[in-house]
Amino acid sequence: MILLRLFWEFFQVGLFSIGGGMAAIPFLYDLSDRTGWFTYTQLADMIAVSESTPGPIGVNMATYVGFRMSGIPGAVISTLGFVAPSILIIILVSVFLHRFRGNRTVENAFYGLRPASSGLIASAALSVVIVALLAEGRSFGTLWQSMRWPAVALAAFLFIVTNLKKTKRWHPIVFLGFSAVVGMLFRFGGA
């Protein structure tokens, strides 16, 4: 039963997250709320790991959640559920593409999807910033009290360093590795 639910939940995420893996993040927050399969902090960790590993972020997160819930079969089923809508839509579009090529209505519909995709990606970015920089579980009396100041300092440092002339062209893995080491040394994790 859990395998069927994993497939269905990730099928829905894959179907509606138009614009790439980052657009799937708001749907994953909703999935967390509805199922309790992972916390927001775990989702932020999944995003970090998925961004730093090869492959699409949405597929990596579906695989991770499926594995956590039901081992290798769960990972396979969740991944299939996530990619199935894209495969079905591509097959459908390829069958009917010659009919709609140059159709003004179809072009306008895709043009209209751009702001929605941008909004979903912006929402995902804001959600990650909130989880990364604000302390979870504290009463938010003031923004000042709820900030995770070591994380804010690291974010500010990385923003400055990645925009310096000497370090601007460094490979992103250098900054990811540095951030991981700092996070481990200063215990930036949610626990």
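Visitor: Hi! Which residues form one aromatic cluster with W8?

Guide: Hello! F7 and F11 do: together with W8 they form one aromatic cluster. Before going on, this is a predicted model, where local features need pLDDT of at least 70 and side-chain atom pairs count only at pLDDT 80 or more, while totals for chains, interfaces and linings use all residues. Residues are numbered from 1 along each chain as its sequence is written, and side-chain values use heavy atoms, with hydrogens and water left out.

Visitor: Thanks. What counts as an aromatic pair?

Guide: Rings of Phe, Tyr and Trp (its six-membered ring) pair if their centres lie within 6.5 Å. Planes under 30 degrees apart count as stacked, over 60 as edge-to-face and the rest as tilted.

Visitor: And how many aromatic pairs are there?

Guide: By this rule there are five aromatic pairs. One of them joins F7 and F11, a stacked pair at 5.9 Å centre to centre with 25° between the planes.

Visitor: Where do F7 and F11 lie?

Guide: Both are in helix α1, four residues apart, which is about one turn of the helix. Helices here are DSSP runs (H or I, at least four residues), numbered from the N terminus.

Visitor: Is F11 buried or exposed?

Guide: F11 is buried, because its relative accessibility is 17%. F7 is partly exposed, at 29% relative accessible area. The cut-offs are under 20% for buried, over 50% for exposed, and in between for partly exposed (1.4 Å probe, protein chains only).

Visitor: What about W170 and F175, how are their rings arranged?

Guide: Their ring centres are 5.9 Å apart and their planes are at 25°, so this pair is stacked. W170 is partly exposed at 45% relative accessibility, and F175 is buried at 13% relative accessible area.

Visitor: New topic: at what angle do α1 and α2 cross?

Guide: Helix α1 (residues 2–16) and helix α2 (residues 25–35) cross at roughly 150°, and their axes come within 10 Å. That makes α1 roughly antiparallel to α2. Axes are lines fitted to C-alpha atoms, for helices over the stretch in contact, and angles run from 0 to 180 degrees between N-to-C directions. Angles under 35 degrees count as roughly parallel, over 145 as roughly antiparallel, 65 to 115 as roughly perpendicular and the rest as oblique.

Visitor: Which residues meet there?

Guide: From α1, R5, E9, F10, V13 and F16 meet F27, L28, L31, R34 and T35 of α2. By class, this contact has six nonpolar, one polar and three charged residues. Ala, Val, Leu, Ile, Met, Phe, Trp, Tyr, Cys and Pro count as nonpolar, Asp, Glu, Lys and Arg as charged, and the others, Gly among them, as polar.

Visitor: What else does F16 contact?

Guide: Leaving aside neighbours within four places in sequence, F16 is in contact with F27 and L120, where contact means heavy atoms within 4.5 Å. F16 is partly exposed, at 48% relative accessibility.

Visitor: And how do α2 and α5 cross?

Guide: The axes of α2 and helix α5 (residues 104–133) come within 8 Å and cross at roughly 55°. That makes α2 oblique to α5. I25, P26, F27 and Y29 of α2 make the contact with L120, S123, A124, S127, V128 and V131 of α5. Eight of the contact residues are nonpolar, two are polar and none is charged.

Visitor: Last one: what does S117 touch?

Guide: Not counting residues up to four places away in sequence, S117 touches I18 and G19. S117 is in helix α5 and is buried, at 12% relative accessibility.

Methods. Helices (H or I, at least four residues) and strands (E, at least two) are DSSP runs, numbered from the N terminus.
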